[in-house]
Amino acid sequence: MYAVETMDLTKSFEREGGKGDRIIAVDHVSLGVKEGEFFGLLGPNGAGKTTLIKILCTLIIPDEGTAKIAGHDVTKEADKVKENIGWLHGETGGRALYWRLSARDNLRFYSYLQNIPSNIADRRIDALLDFFDLTKDADRLVKDFSTGMKVRVMLARTLLPNAPVLLMDEPTVGLDAAGAIETRKLLRGLCKELGKTIVFTTHNILEAEKLCDRIAVMNKGRIIAIDTPLKLSETTRKFRGVEVRVSGPQEDALRALESMSIVKKVVKVQAEEDHTVIQLEVIDEDDAMATIPESLKSNRVKLIGIQVALPNLEEVFMSLTGEGKVEGG
Amino acid sequence: MKEDKLIEAFGADEPRLRSHVRQFFGVVWANIKILLAYKSWVIMDLLSTVASVVMYYFVGLQVDPLRLAQSGWGTSYLAFSMVGVATSHYLWSCLTRLSHSIQHEIRAGTLETVAVTPINILTFFIGQTARGYLVSLIFLVGVFVVGIIGLGAQFSANPSSIGTAILLFLLMLVTNQALGLVAAGIIMVHKRGDPVAFIVAAMNEFLAGVLYPLEMLKEFPPLQAISMAFPYTHALDGMRRALILGSSLADTAVMADVLVLSGFSLLLVPAGLAVLDWGYRTIRMRGTTSSY
């Protein structure tokens, strides 16, 4: 059984002032997220990621298809679904909190709604406040918090119910660099140590690449690719290539490499502080990996490293969607 | 290390309770906490309570007691107006508080964070009215304390008539809160319907006779007919009979008010719940559970 599963899920909205004209936000989406998997939804603005997440947490009723959380249907068994999810409100800059309550009281209020026994709630709240560096500000009203602090309270609130499935919309937006790194580490830790299933949207491709076991790329309501970050890179590579890092004179290295029959052409040369990165299109990567070190050695060029050249996730995304850049959506 | 501590605190999967009462208590608790966070506002409200009662005391000095007596309401305009003023605060709370609250929660995004929890959304909505009820209770108690102790307002109530007044008061809350549910359901969908609730509350206050005897409307039959369509008119009439004249359920006029209000309750409560449910379902269909 999947922790999160959708089958032909479809949702459209009436265009504002459109007189019956509809926008398809989610278009026959089918996916399965395994228990304990860290799953990313990546796509440009308006791709349908947030609508999909909101359907999963019962906030939006789908037009067609089914969606299940821990085996429970989001429309027919909404109460069961709610007991199995922790949801992070995305892109609000910390607005979705009660500003006239303190951080601790916001969490306590949520513990009442979640029906968590008081002694357990208190223990969890203390641990969360400590983790998110909010202990000394715990009893201040949230209205006086910075955006980053508000986002941390929201993250704490998402984790409070200890739900097996976490649905997170842009979890690190609004956090400073250190906070974002800490949060990523925590999310990864929760996924690994406690077996949480995490489905999250992000506009940060590097974040998706680092965190996710699998990524679904969405565009115009559809999932256009779904795989591990590595596989996505492999399937969208445009040429067979290797990336070579050398030190010493750049010309010597280029001359040596261009003279090799296995090298079709030099794709890119990039000078770094103390070395040069050369990307090559080759006839066969395995042969290139085996022969290039020997050839460079015989030409007295110092090799620092060699690896198969794969496009990064940004290039994958651009290749799949034809988009120039990724934004939240 | 913090991460280890956190993972330890969350390691055991403890069973949750299944209590609507606890969830309801949580909503009321949060509402009271939020109310107390507006300290200066609470103080200002208390001061305005005192000011309004004193104002009606002075207005009462200008009212001809004989004219009031001819309408059948004794000779104390202060007592007459106090019943209206004290309960009209509740009228406003019932009709507008929930819609205000829902509009705010939709704009702030907090409705969504509540809606994804296991609380029944109706439990949450009803709990949300607690803040308004609490403020109105402070106002009601303040009006009677200032009026009776401070300004010597006279009532002819007895235990039986006080019980009758409480029954009528509860029926007033039920019927008007049901109207408030209708308003909240509509406002949830259309987002900007608050002026309608405001107009209905203002018309209610005007036509139900908060500050003057309804007998005065005899000269304006259309207005009198409209006033009879408001539950508050009947509640106010019955409560005044009970508190000012000492009547109880044995009085046919009071019993008539109770029956009319019961009829309104039977009609309005299911309607209010149905419209609220429709509103909540509609915003989930349209994806407008938040708007910022």
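Let's start with chain A: the centres of its domain 1 and domain 2, taken over C-alpha atoms, are 43 Å apart. Domain 1 of chain A covers 4-234 and domain 2 covers 238-309, with bounds that come from an automatic or database domain assignment.

A quick word on the ground rules. This is a predicted model, where local features need pLDDT of at least 70, side-chain atom pairs count only at pLDDT 80 or more, and totals for chains, interfaces and linings use all residues. Residues are numbered from 1 along each chain as its sequence is written, while chains are lettered from A and ligands numbered from 1 in the order in which they are written.

**The sheet in chain A.** Here 4 strands make an open, antiparallel sheet in the order E2-E1-E4-E5. Strands (E, at least two residues) and helices (H or I, at least four) are DSSP runs numbered from the N terminus, and two strands pair if DSSP finds at least two bridges between them. Which strands sit at the edges? They are E2 and E5 of chain A, each pairing on one side only. E4 and E5 of chain A are joined by 2 bridges, and A:Lys68 stands opposite A:Asp73 in E5(A). Helix H1 of chain A packs on this sheet, touching E1, E2 and E4, and its direction makes about 65° with that of E2(A). Such angles run from 0 to 180 degrees between N-to-C directions, with axes fitted as lines to C-alpha atoms, for helices over the stretch in contact.

**Chain B on its own.** Chain B has 13 helices and 0 strands. Its C-alpha atoms fill a box of roughly 80 × 40 × 35 Å along the principal axes. Of its 292 residues, 43% count as buried, meaning 20 or more other C-beta atoms lie within 10 Å of the residue's own, with C-beta atoms placed from the backbone.

**Where the chains meet.** How many residues of chain B are in contact with chain A? There are 38, and they touch 42 residues of chain A; contact means C-beta atoms, placed from the backbone, within 7 Å. These helices of chain B each supply at least two residues of that side:

| Helix of chain B | Residues |
|---|---|
| H1 | 2-9 |
| H2 | 20-37 |
| H6 | 110-115 |
| H13 | 252-286 |

H2(B) gives the largest share, 8 residues. By type, the side of chain B that touches chain A has 17 nonpolar, 9 polar and 12 charged residues. Asp, Glu, Lys and Arg count as charged, Ala, Val, Leu, Ile, Met, Phe, Trp, Tyr, Cys and Pro as nonpolar, and the others, Gly among them, as polar.

Definitions and conventions. Contact = placed C-beta atoms within 7 Å. Buried ≥ 20, exposed ≤ 12 C-beta atoms within 10 Å, placed from the backbone.
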